[in-house]
Amino acid sequence: ACDLAGRVTPEAATLTGREGVVVTPLVPTGQIEIDGRRHEAQSLDGRLPAGARVKVTGAQNFSLTVTKL
């Protein structure tokens, strides 16, 4: 989601606003899946179980930031 300098990558920018599904529990970090691709993510809503639906709100610290739907 971010490059080595911590800048948001173009791909991460296009994912903002998209919905995905938690693959590994977000405690608060883990993995989500969008369109069959896995992405590192951090929950802004605390712990989220696998299977929870989330929305991408942005990116920071090398991962996407998400909120629960």
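Reader: How do E3 and E5 pair, parallel or antiparallel?

Author: E3 and E5 run parallel and are joined by 3 bridges. Helices (H or I, at least four residues) and strands (E, at least two) are DSSP runs, numbered from the N terminus. Two strands count as paired if DSSP finds at least two bridges between them. This is a predicted model, where local features need pLDDT of at least 70 and side-chain atom pairs count only at pLDDT 80 or more, while totals for chains, interfaces and linings use all residues. Residues are numbered from 1 along each chain as its sequence is written, and side-chain values use heavy atoms, with hydrogens and water left out.

Reader: Thanks! Which residue in E5 is the bridge partner of Ala 41?

Author: That is Leu 64. Leu 64 is also the bridge partner of Ala 59.

Reader: And how do E4 and E5 pair?

Author: E4 and E5, the latter covering residues 63-68, are antiparallel over 6 bridges. Val 54 stands opposite Lys 68 there. The two strands form a hairpin with 2 residues between them, and Asn 61 in the turn has a positive phi of about 50 degrees.

Reader: What holds strands of a sheet together in general?

Author: Strands of a sheet pair through backbone hydrogen bonds, in either a parallel or an antiparallel way.

Reader: OK, what about E1 and E2, how many bridges there?

Author: E1 and E2 run antiparallel and are joined by 3 bridges. Thr 24 faces Gln 31 of E2, and the hairpin they make has 4 residues between the strands.

Reader: How many bridges join E2 to E3?

Author: There are 6 bridges, and E2 and E3 run antiparallel. Ile 34 has Arg 37 in E3 as its bridge partner. In this hairpin, with 2 residues between the strands, Asp 35 takes a positive phi near 50 degrees.

Reader: So what do the strands build when you put them together?

Author: They build a closed barrel of 5 strands in the order E1-E2-E3-E5-E4, with mixed pairing. Neighbouring strands are turned by 55 degrees against each other on average, direction ignored. Those angles use axes that are lines fitted to C-alpha atoms, for helices over the stretch in contact, and run from 0 to 180 degrees between N-to-C directions.

Reader: Nice. Which pattern does the protein follow along the sequence?

Author: The pattern is α-β-β-β-β-β, from 1 helix and 5 strands.

Reader: Switching topic: how many salt bridges are there?

Author: A search of the whole structure finds 2 salt bridges. A salt bridge here is a side-chain nitrogen of Lys or Arg within 4 Å of a carboxyl oxygen of Asp or Glu. Asp 35 forms one with Arg 18, the closest N and O atoms being 2.3 Å apart. Asp 35 lies in the loop between E2 (29-34) and E3 (37-43), and Arg 18 in the loop between H1 (10-15) and E1 (19-24), so the pair ties together parts 17 residues apart in sequence.

Reader: And where does Arg 53 come in?

Author: Arg 53 and Glu 19 meet in a salt bridge of 2.7 Å, N to O. Arg 53 is in E4 (residues 53-60) and Glu 19 in E1, so parts 34 residues apart in sequence are tied together.

Reader: Does Asp 35 count as buried or exposed?

Author: Asp 35 counts as exposed, at 64% relative accessibility. Arg 18 is partly exposed at 32%. The cut-offs are under 20% relative accessible area for buried, over 50% for exposed and partly exposed in between (1.4 Å probe, protein chains only).

Reader: What about the inside? Which residues touch the most other members of the largest nonpolar core?

Author: Among its 13 residues, those are Val 22, Leu 26, Ile 32, Val 56, Leu 64 and Val 66. H1, E2, E4 and E5 each supply at least two residues of this core. A nonpolar core is a set of buried Ala, Val, Leu, Ile, Met, Phe, Trp, Tyr and Cys residues joined through side-chain atoms within 4.5 Å.

Reader: Last one: where is Ala 52?

Author: Ala 52 sits in the loop between E3 and E4 and is buried, with a relative accessible area of 10%. Not counting residues up to four places away in sequence, Ala 52 touches Gly 20, Val 21 and Val 22, where contact means heavy atoms within 4.5 Å.
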